[in-house]
Structures are given as structure tokens and as C-alpha cells.
Amino acid sequence: MSNADLVARFEKSGKIKGRYERSVPIGGVFKVKRDERTELSPSVATIRPIDGRCFAEDGSLWLIMAQNTLDYTLLGQLLTYDYLYREEHSHDKPPRMALVCEKGSEQVVWLCGKLGIDVFELGDQGASRVEAKLLQ
């Protein structure tokens, strides 16, 4: 299932009610100097768009990344988008962050809890927020 499909399923679950956008560019377009020839006409680079953004009914903004199986790479991507968003919108209230998956990882879920990131697992009955606690 594609990331866009996962975000669509999450939206239908109603866990975060609001206006959703998919495949949203976050972070300004920047110029990259590849060699001396491109100095006068630098190439333009962008970062891959974030999977979803939700303007929630409660006034909060959510940045959403989705993937079938939760892993540290997905978490790193979300943290990157959060940083870029805050750079562009330094005067706005910080966004909330969510990872959406079909299969979680206890270690990643635990770390997300420490970082203030919500993790939602999609199942047959919709989406459920998951938490993890490491045993001592």
C-alpha cells in the first residue's frame, strides 16, 4: 500500500479531524552549486514532499509521515520535515507530528513517545494510537 493510501485510510479513521493535504512540499526550494559551470545558473533542488499535512479542527497543524512498517528512517524523515517547517514558519506555533503505519516497532514507538510524536497503527477497525514502555 502506498504512503498516500495510508494517509487516506488514516484520514477516514477520524482520529484527527480536519482538512488534509497529501504530498506537500515542506522546506524552501534551495539552489545547489554542482560545479563551476553552474555558478551563474545553479540547479534547483527540493526535498521529497511530506506524505500529509492536516489542519485540524482544534487549530493545530499536523505533519504526517506514513509507511507500511515503522522504522527509524521514517522517524528521521519526520524530524527533518519538522525542522524545515519550523525554519520557514518561525513565528507560528510548532506543528504536531504523527507517524502512521500498519506495523509498529516497540523501540521506535517508545522513542517517539519521548520525542512527543504520536504513532498510529492502521487496522481493520481504523486507526489506534499506540504507546510503548520499555521494561526495566
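This is a predicted model: local features need pLDDT of at least 70, side-chain atom pairs count only at pLDDT 80 or more; totals for chains, interfaces and linings use all residues.
A search of the whole structure turns up 1 aromatic pair, and F10 and F120 form it, 4.8 Å centre to centre with 50 degrees between the planes, hence tilted (rings of Phe, Tyr and Trp, the last by its six-membered ring, pair if their centres lie within 6.5 Å; planes under 30 degrees apart are stacked, over 60 edge-to-face and the rest tilted). The pair ties together distant parts of the chain, with F10 in helix α1 (residues 3-13) and F120 in strand β7, 110 residues apart. Helices (H or I, at least four residues) and strands (E, at least two) are DSSP runs, numbered from the N terminus.

In α3 (residues 106-115), the buried residues are V108, V109 and C112. They sit on the same side of α3 because their arc around the axis spans only 100 degrees, taken from the directions from the helix axis to the C-beta atoms. These buried residues pack against α2 (72-88), β6 (96-103), β7 (118-123) and β8 (126-130), with contact meaning heavy atoms within 4.5 Å. On the face turned away from the buried side, α3 carries the exposed residues E106, G113 and K114. After α3 comes G116, with a positive phi near 80 degrees.

Residues are numbered from 1 along each chain as its sequence is written, and side-chain values use heavy atoms, leaving out hydrogens and water. Local features need pLDDT of at least 70 and side-chain atom pairs count only at pLDDT 80 or more, while totals for chains, interfaces and linings use all residues.

How values were computed. Buried means under 20% relative accessible area, exposed over 50%, partly exposed in between (1.4 Å probe, protein chains only).
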